[in-house]
Structure formats: C-alpha cells, structure tokens
Amino acid sequence: MDVLVRLLQLLVLLLTLPLHLMALLGCWQPLCKSYFPYLMAALTAKSNQKMESKKRELFGQIKRLTGGSGKVALLELGCGTGANFQFYPAGCRITCLDPNPHMEKLLTKSMAENRHLQYEQFVVASGEDMKQLADGSMDVVVSTLVLCSVQSPRRVLQEVQRVLRPGGVFFFWEHVAEPRGSWAFLWQQVLEPTWKHIGDGCCLTRETWKDLESAQFSELQMEQQPPPFKWLPVGPHIMGKAIK
Ligand SMILES: C[S@@+](CC[C@H](N)C(=O)[O-])C[C@H]1O[C@@H](n2cnc3c(N)ncnc32)[C@H](O)[C@@H]1O
C-alpha cells in the first residue's frame, strides 16, 4: 500500500509540477495567502446553507455561557472571513484571530452584516501563540475548519485552554482523516502534498479527535458527520464541544 501511495503521489506531483516548483522557490505562499480569503468566502455561503441546522444547534448553546461582564467573550480562532458570525447570539463580544492579514477585508464585510455582535479586535497571530490574549479571558473559543491547517494542534489546544476561563467552552467543527486502510484514506494520502499548497496548509489526514481526547478538557462531546461537499477529498467532519 505504501509503495502505491508513493507512486501515485509522484504522479500527482508531476502533474502539478509548476505549483510545487513555485512553492519550493517561495513564490506560491504569498499568492495563496491573497487568494485564499476569496476561495473561503465562495465556499462558505454554500457550506453554511448545508450546515445551517447543525451550526444553529451547536452555537445556540453559547447564550448560556455569559461571563462576569454579563456578555459572552468569544474568541474565533482562525476566523477566516467570519463564516460563523450569523449563528452567534446577540451581544457576544468577538475577538477574531487569524495569521493571514488578507482576511481582514472580507472579515470587515461580515462584521458589517452582523450588527448584532460587538467586535473587540482582529489579532493577526497563530493559534499556537496567542500571547496578546490574557489567561482565562474568554468564555468561549470557536474553531471551524482550522485544526487541519495549524502547525501544531496540540499547542493550539494548550493555548485554547489557557485563554478559556474555568468552565469556558471550546466549540469545534473540523474535517478529519478517513478510516485507515480505506481507499478514501489512500486518496487523501496521495493528494495531501498538493492539497496542502492549494488549501493554505490544510492537511487531509489529521486524526484531530486524538488531539482533542488527549488535551485534558474536563468534558468532551463530539459526533461524526458527513462532509458538506462530497466532491472535495476532505472526508468526514467532527463537531462538538470541550469544557475547560
Ligand atoms: C479553512 S479556513 C477556515 C476559516 C473559518 N474558520 C471558516 O470556518 O470558514 C482555515 C483558517 O485557519 C487559519 N489558520 C491557518 N493556520 C492557523 C494557525 N496556526 N492558527 C490560527 N489560524 C490559522 C487560516 O488563515 C484560515 O483563515
């Protein structure tokens, strides 16, 4: 199986050689960072239509999580273009964090369309190092389709726990690897090196549920769901919450 994966990876690499050469020379990444917000914005409208009832159910729980200020302090990790804003209850105080500064233009547009929320700041940083945010300062942290792209899910989850107050909740919706040994997993392995360039670092074969299970939250609930887009190789999704 491993030899077949290597051979097919090589074939895909040859077919997409210009992309890999550009990445090697360092000229692909800046291009990717500037087109990626528009790609995400295009996919988000369709994906939100398909996920509407599930996202409403998940984020509907946020209104019970009011902190000391009487409002919910919410950190949107890897906020992208603000795909989840429409699902948050009125009055949430939103801090947006993303390492890609090009997200800000489309993020500002989403903010203008969701006046029921209060925006605190847009922090350009990685989830692995959120030093701009104080310990225990958030009632809620949200991550949707982000842990596939970070350098270290383990470090990000440690930071999530640091910024959450005791009893604070981490809500997530992430795509994960297909079952090992399946043909779908084989194709994920074949496509991953190329997909990572197209998808701004997105990994197809992450078993993110393992990182969540070992992150030492006091409680963890999750369910597996089918992907919103069957034509993409991203595979099954996990949705749920983890309590600090
Ligand atoms: C697939 S997009 C998802 C965006 C948004 N959360 C959504 O659901 O549409 C992945 C996002 O994670 C961000 N990201 C990548 N690496 C990150 C990191 N280390 N820490 C935080 N966010 C990261 C990307 O810039 C991008 O905005």
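This passage describes the overall build of a predicted protein model and then its salt bridges. Residues are numbered from 1 along each chain as its sequence is written. Because the model is predicted, local features need pLDDT of at least 70 and side-chain atom pairs count only at pLDDT 80 or more, while totals for chains, interfaces and linings use all residues; side-chain values use heavy atoms, with hydrogens and water left out.

The protein chain holds seven helices and seven strands, where helices (H or I, at least four residues) and strands (E, at least two) are DSSP runs numbered from the N terminus. Read from the N terminus, the elements follow the order α-α-α-β-β-α-β-β-α-β-α-α-β-β. The radius of gyration is 18 Å, close to the 18 Å that the globule rule gives for 244 residues, so the chain is as compact as a globular protein of that length. Here the radius is taken over C-alpha atoms, and the globule rule is 2.2 Å times the number of residues to the power 0.38. Along its principal axes, the C-alpha trace spans about 55 × 35 × 35 Å.

Of the 244 residues, 50% are buried; buried means under 20% relative accessible area, exposed over 50%, and partly exposed in between (1.4 Å probe, protein chains only). Among contacts (heavy atoms within 4.5 Å) between residues at least 6 apart in sequence, 75% join residues at least 24 apart.

Turning to charged groups, side chains of opposite charge can pair when their charged atoms come close. With a salt bridge defined as a side-chain nitrogen of Lys or Arg within 4 Å of a carboxyl oxygen of Asp or Glu, the count comes to eleven. One of them joins Glu223 and Lys54, with N to O at 3.0 Å. Glu223 belongs to strand β6 (residues 219-225) and Lys54 to helix α3 (residues 28-59), so this pair ties together parts 169 residues apart in sequence. Both partners are partly exposed, Glu223 at 35% relative accessibility and Lys54 at 29%.

Another salt bridge links Asp135 and Arg162, whose closest N and O atoms are 2.6 Å apart. Asp135 sits in the loop between β3 (118-123) and β4 (138-144), and Arg162 in helix α5 (residues 153-163), so parts 27 residues apart in sequence are tied together. Asp135 is exposed, at 59%, whereas Arg162 is partly exposed, at 24%. These two residues also belong to a network of salt bridges with Glu159.

A further bridge joins Arg165 and Asp139 (2.6 Å, N to O). Arg165 is in strand β5 (residues 164-175) and Asp139 in strand β4, so the pair ties together parts 26 residues apart in sequence. Asp139 is buried, at 7% relative accessibility.
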